[in-house]
Amino acid sequence: MAELDWHRDRAVHPDLKLLDLAPESAGIDLAAVRRYRLGRVRAEMARRDIQALILSDSVNIRYATGTRNMQVFTSRNAPSRYLALTADRSILFEFTGAAHLAEGYDTVDEVRPAMMASYVAAGEDIAARERRWAAEMAALLRELCGRDPVVGLERLNAGTALALAAEGLRLVDAQAPVERARAIKSAEEVKCVVASLRATEAAMMEMREAIRPGITENELWSVLQRGVIARNADYCETRLLNSGERTNPWFQEAGTKVIGANELIALDADVVGCHGYYSDFSRTFHAGPDRPNGTQRTLYRTALEQVEHNMSIIRPGMSFRDYAERAWDIPEHYHAHRYYLSAHGCGMTGEYPYLYHRADFPDAGYDGVIEPGMTLCVESFIGEAAGGEGVKLEQQLLVTETGTELLSRFPFEEAFLRE
């Protein structure tokens, strides 16, 4: 493939070509990826007897079509960009002035201007705007699908959904068909996952090299943010980086805290990387200058034991219930602060399925089957309920026809593993 000259070719290639010819796209048939994903959604629609979907989640629009535009903004301000999808038509309602972003996509049959049916766009006239949006959408779907179509909805504001229901359409939730479609990756799709991981790992290595006592959590986190954006990532979905006693319990976001000498630094990448695919692995580092102490090494080794055990039992055909029964048994003194999941699906974001710990399965778990083509993230958080520091580790893997393949390659810290 000839190298793309970004300055020369920007004027002659639409956005699709710029994305497909970007350096991280080499060796990936992105057109095949898009066609596969659209086919997956339509197959799930047919299986559930759903004639149309209205997708407003920007990640799901990207999954079904490959198009992207202001993903965070348009997901929060819904509907401002949405996709009407049937068995044979794909109509993208694009944000005002942005129709050109869908040029060249064979997964989009038509682009129309979106009607923003939100309070910030319509003010006190919002109810009338919602009714007009619903009337026009209902008319379109009846034209495409017949008199009484079953229509899947997601993430619309309440007034818009109620107005559409008042039009007499049979409405269902769109989550099930889209999540089940996204769960199984094609071989070309896995190449996108790997490209995102390699870019994120390079950025994380830059962040690791910036670790020193005296830097703040925010300053350190910004090194990762800068590194992934420079490698064509979309955004970091969370800001889960913390240090010292802020590592336990988990889910404390990066802040202004100054990292102290010899503290632990725990991080969950959560990067929506190149091609829109999620890089989701966790690591825990040591600030130095001394080597990790005995307690820190014990926490780290325990977390690694949990991850490695749970990765070792995953097999295609295994039920979610069987996985929970065979998963690593969390010691009592770590149980209260356990990570809320044992493992989860991963694609363009965290996704179906959720695999729960044995103790949580009766209340939160559901059954299903681990299938080839799923990409899963195996999680561990180890921290004492009484306090002190904690360790977060996580690996991303692919379920194959015969077992699993490790996708995340960022190394573990030898300083925690040596005696």
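Here, buried means under 20% relative accessible area, exposed means over 50%, and partly exposed lies in between, using a 1.4 Å probe and protein chains only. By that cut-off Cys192 is buried, with a relative accessible area of 0%. Keep in mind that this is a predicted model, where local features need pLDDT of at least 70, side-chain atom pairs count only at pLDDT 80 or more, and totals for chains, interfaces and linings use all residues. Residues are numbered from 1 along each chain as its sequence is written, and side-chain values use heavy atoms, with hydrogens and water left out.

**Cysteines**

- The disulfide count comes to zero, taking a disulfide as a pair of cysteine sulfur atoms within 2.5 Å.
- Cys192 is in no disulfide, and the nearest cysteine sulfur, that of Cys274, is 7.7 Å away.
- Cys346 is in no disulfide either; the nearest cysteine sulfur belongs to Cys377, 3.8 Å away.
- Cys346 also counts as buried, at 1% relative accessibility.

- Strands (E, at least two residues) and helices (H or I, at least four) are DSSP runs, numbered from the N terminus.
- Ala52 and Ile54 point one way from strand 1, Leu53 and Leu55 point the other way, and all are buried.
- Strand 1 pairs with strand 5 (residues 150-153) in the parallel sense over three bridges, where two strands pair if DSSP finds at least two bridges between them.
- Within that pairing, Ile54 stands opposite Leu153.
- Strand 2 (residues 82-86) runs antiparallel to strand 1, and four bridges join the two.
- Here Leu55 stands opposite Leu83.

**Helix 9**

- Pro177, Val178, Ala181 and Arg182 are buried in helix 9 (residues 175-182).
- They cover an arc of only 125° around the axis, which puts them on the same side of helix 9; the arc is that of the directions from the helix axis to the C-beta atoms.
- The buried residues of helix 9 pack against helix 3 (30-47), strand 1 (52-55), helix 4 (58-65), strand 6 (170-173) and strand 14 (350-355), with contact meaning heavy atoms within 4.5 Å.

**The 7-10-11 sheet**

- Three strands form an open sheet in the order 7-10-11, with antiparallel pairing.
- Strand 7 (235-236) and strand 11 (278-279) stand at the edges with a single partner strand each, so one side of each is left without a neighbour in the sheet.
- Strand 10 (residues 271-272) and strand 11 pair over two bridges, and the bridge partner of Val271 in strand 11 is Ser279.
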